[in-house]
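Good morning, everyone. Please look at the structure on the screen while I talk about charged side chains.

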Amino acid sequence: MENKNRHLIALDLDGTLLTDDKKISFRNKQAISHAIEEGHVVVIATGRPGRASIQYYQELQLKTPMVNFNGALVHHPLDTSWKGIHTPMPLTTAHRIIDVSTEVEVKNILAEVQDQVYLDQYSEDIMTIFQDSPEESPYIIGDIKSKLKYDPTSVLIYPDASQVEELRAHLNDYHAEVIEHRKWGAPWNIIEIIKKGMNKAVGLKAIADEYHIARENIIAFGDEDNDLEMIDYAGVGVSMGNAIDELVSVSKHQTLTNEEDGISIFLEEYLNLNKKNIII
């Protein structure tokens, strides 16, 4: 049975919940904690893999499922019996993409099978993106095509900036029926590829159904193009003050930036969180 007063609150990480130095502000943390105390369900919905988002999950003391890889993986970090969703792309498609990327001599290629990482060329810079130290990272390094034996959750291509347009055109021309691809912002310009039809809204719907929360009671925050479907799907889609124009155009609400506690300011007002318990 649906609880008409309970909301599902979905938080993107980079550029949304996290400040530019990748921290959760005190005010955001406090507002999220207060929302949980009042019975609302808070989840992380990110393009990051689980290992690069679990620290924030733990910091917020969440006990809910999590959306990773932009919806290609939905799982519960604390409950292995929870029926998650893992929707990888076909291995044959991944191999074809790797072949093309190798032919044009991109800087690097990376594939992920949930939290197992395959890296074509050793690169501490690439490892740093995922906030892993080289000593602790679950990487299999070298000749990615021969080593990758399972359908990957995602494939990331690291090209020169001059190669991005050509590669994305190739992906559209030859693989549009089976994959989705998005480009990371500068300085990386990495092309991230997951199975067709996967996005954060897919994961969010699965979690909302699990908690019997209606679409109109879903509050989602985001800032980039990988948040488009989620913000459009949510009954209360909120774009950050630093969001791209396309996201602002589909959002129903807008708040301040990730540097200005945009999440807490919106939640305090929208959910009527008890102001006397909010320390500013």
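Let's start with Lys29, which is partly exposed, with a relative accessible area of 30%. Partly exposed sits between two limits: buried means under 20% relative accessible area, and exposed means over 50% (1.4 Å probe, protein chains only).

Now some ground rules. This is a predicted model, in which local features need pLDDT of at least 70, side-chain atom pairs count only at pLDDT 80 or more, and totals for chains, interfaces and linings use all residues. Residues are numbered from 1 along each chain as its sequence is written, and side-chain values use heavy atoms, with hydrogens and water left out.

Who is the partner of Lys29? Its side chain meets that of Glu59 in a salt bridge, at 2.7 Å from N to O. A salt bridge here is a side-chain nitrogen of Lys or Arg within 4 Å of a carboxyl oxygen of Asp or Glu. This pair links distant parts of the chain: Glu59 is in helix α3 and Lys29 in helix α2 (residues 26-37), 30 residues apart. Helices (H or I, at least four residues) and strands (E, at least two) are DSSP runs, numbered from the N terminus. Glu59 counts as partly exposed, at 32% relative accessibility.

How many salt bridges does the structure hold? Twelve. Take Lys200 and Asp12, whose side chains meet at 2.9 Å, N to O. Lys200 is in helix α8 (residues 200-210), while Asp12 is in the loop between β1 (8-11) and α1 (13-17), 188 residues apart. Buried or exposed? Both Lys200 and Asp12 are buried. There is a network too: salt bridges that share partners join Asp12, Lys200 and Asp227.

Next pair. Arg48 forms a salt bridge with Asp14, and the closest N and O atoms are 2.7 Å apart. Arg48 is buried because its relative accessible area is 10%. Asp14, at 24%, is partly exposed.

Now to Glu192, in strand β11 (residues 191-195). Why does Glu192 count as buried? Because its relative accessible area is 9%. Leaving out residues up to four places away in sequence, Glu192 touches several others, including Gly47, Asn70, His181 and Trp184. Contact means heavy atoms within 4.5 Å. Glu192 and Met89 are 103 residues apart in sequence, and 12 Å apart in space, C-alpha to C-alpha.

Last stop: Glu260. It lies in the loop between β14 (253-254) and α11 (262-270). Glu260 is partly exposed, with a relative accessible area of 40%.
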